[in-house]
Structure formats: C-alpha cells, structure tokens
Amino acid sequence: MKYQIKETKDLTESEIEHILKLWDISAWNNMKSIYFRSFFKDSEFHFLLDASDNILAVMRVNFDFILRIGDTEYTFAEAVGLVAAHRKQGYGADLVRSFKENVSLRNIETIGFCHAELRPFYEKCNVEILHDRAKMIKESIGSEWVNAEDDDILIFHVSMEKKELLNQLSSQNNAYLMTKE
C-alpha cells in the first residue's frame, strides 16, 4: 500500500469518478470532472492505494475553512470526506494515520469533525477528540445561524493556543463558520 497526495487539478477523470462513487452523495453523482475541479479547487486529496494504484481510501483537505471566534478569524485546513473502498479492512485507519503524520510534518493546522458514534474509530487512530465542541460552531443557513450537525472536533495538527480556543467553545462562546462571498 502507498500513501499519495494530489491537488484537485492533477486528478484523472477515473480518479474523480471513483471518488464520487465512494462518496455516494446523490447530489454529486452526476458531477462532471470540470465542475468537480472548480468546486474543490481549494482542496487536495489524500489516498491510500494498492500495488495497482487502485484507491483503497480517500479523504479531502479543504483549505478554504475559516472560523470566527470572538473578533478574530482563524484559518484551518479541514479534513473531510474520509471513505474506504472496503469496510473493516483497516484502510481508513491507515490513511488517517498517514494523513496525521503528513500534516504534522508539513505543519498544516488541520481539524476535522465527526459524530459521536465515530469516536472509537478516531480514538483507535490516535486522533485527539474535543468532545461535543463541534456543536458550538454556527453555520449560516440563509439568514440564520444554526448549530453544526457534527458532535466532535478532531485535532489532526493544531497549535496548543488554537486547540485551547476550540476546547473553550460553549453555548456562550460560539465559533462561526465564515464563507467567502
């Protein structure tokens, strides 16, 4: 098995098709590669591949992720879209471990999110979890700010200062997901 990283612009047509198939999001099932490259332009893709370069697991890193806490905006890389081609084979866990090592070596402050039922998986991968802190992040839906759907914040690589800021999130101290206009 090998670990590989590709920028969106370097993905082949068949890799894009395979990623979309693995993600299995109905609204994206018929997405064309030109739109995929535009839609995910601020991303890179991390893969675990077999000896024949078949994708065993994939995750995306979103570099367009900003949280406002108080009066300050903080930029993070956001790890999303982790999926393995075959369940219960350890491919997802292997990819997470390689990914965590990579962002640490590159010193990229990276967080992710998960629902409570996925805690055991990330604990097995030695990813630090800030329990129930993701719910304290508000997202803009139309003209309203609503709580994020995830439960936990995953710490892949973050400075102690920013980790403490994230750990202090509460119903009285929300973070706000900022989107570019």
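How much space lies in the largest pocket? The largest pocket holds about 1600 Å³ of space. The model is a predicted one, in which local features need pLDDT of at least 70 and side-chain atom pairs count only at pLDDT 80 or more, while totals for chains, interfaces and linings use all residues. Residues are numbered from 1 along each chain as its sequence is written, and side-chain values use heavy atoms, with hydrogens and water left out.

The pocket was defined on a 1 Å grid over the protein atoms alone, as an open set of points with protein on both sides within 12 Å along at least five of seven lines; lining residues have an atom within 4 Å of a point. Grid points are joined across faces, edges and corners, and the volume is the space filled by probe spheres set on the points. The lining comprises 49 residues, of which Ala 79, Val 80, Gly 81, Leu 82 and Phe 113 are the closest to the pocket centre. Strand 4 supplies the largest share of the lining, seven residues. By type, the lining divides into 27 nonpolar, 10 polar and 12 charged residues (Ala, Val, Leu, Ile, Met, Phe, Trp, Tyr, Cys and Pro count as nonpolar, Asp, Glu, Lys and Arg as charged, and the others, Gly among them, as polar).

The protein contains five helices and 10 strands, taken as DSSP runs (H or I, at least four residues, for helices; E, at least two, for strands) and numbered from the N terminus. The radius of gyration of the protein is 16 Å, close to the 16 Å that the globule rule gives for 181 residues, so the protein is as compact as a globular protein of that length. This radius is taken over C-alpha atoms, and the rule is 2.2 Å times the number of residues to the power 0.38. The C-alpha trace spans about 50 × 35 × 30 Å along its principal axes. Of the 181 residues, 44% are buried (under 20% relative accessible area; exposed is over 50%, partly exposed in between; 1.4 Å probe, protein chains only). Among contacts (heavy atoms within 4.5 Å) with a separation of 6 or more, 63% join residues 24 or more positions apart.

A nonpolar core is a set of buried Ala, Val, Leu, Ile, Met, Phe, Trp, Tyr and Cys residues joined through side-chain atoms within 4.5 Å. The largest such core has 21 residues, and Val 96, Phe 99, Tyr 122, Val 127, Leu 154 and Phe 156 touch the most other members. Two or more residues each come from strand 3 (55-69), strand 4 (72-84), helix 3 (91-105) and strand 9 (152-157). Helix 3 gives the most, with six residues. Apart from this core lies another, of 19 residues, including Ile 69, Phe 113, Ile 137 and Leu 166.

Val 127 is placed in the loop between helix 4 (119-124) and strand 6 (128-130) and is buried, at 5% relative accessibility. Beyond its neighbours within four places in sequence, Val 127 contacts Val 96, Lys 100, Tyr 122, Leu 154, Ile 155 and Phe 156.

Two loop residues other than glycine have positive phi. Asp 24, with phi near 50°, lies between helix 1 (13-23) and helix 2 (33-39) and is exposed at 56% relative accessible area. Lys 88, with phi near 60°, lies between strand 4 and helix 3 and is exposed at 82%.

Notes:
On a 1 Å grid over the protein atoms alone, a cavity is a set of points where a 1.4 Å probe fits but cannot get out, and a pocket is an open set with protein on both sides within 12 Å along at least five of seven lines; lining residues have an atom within 4 Å of a point.
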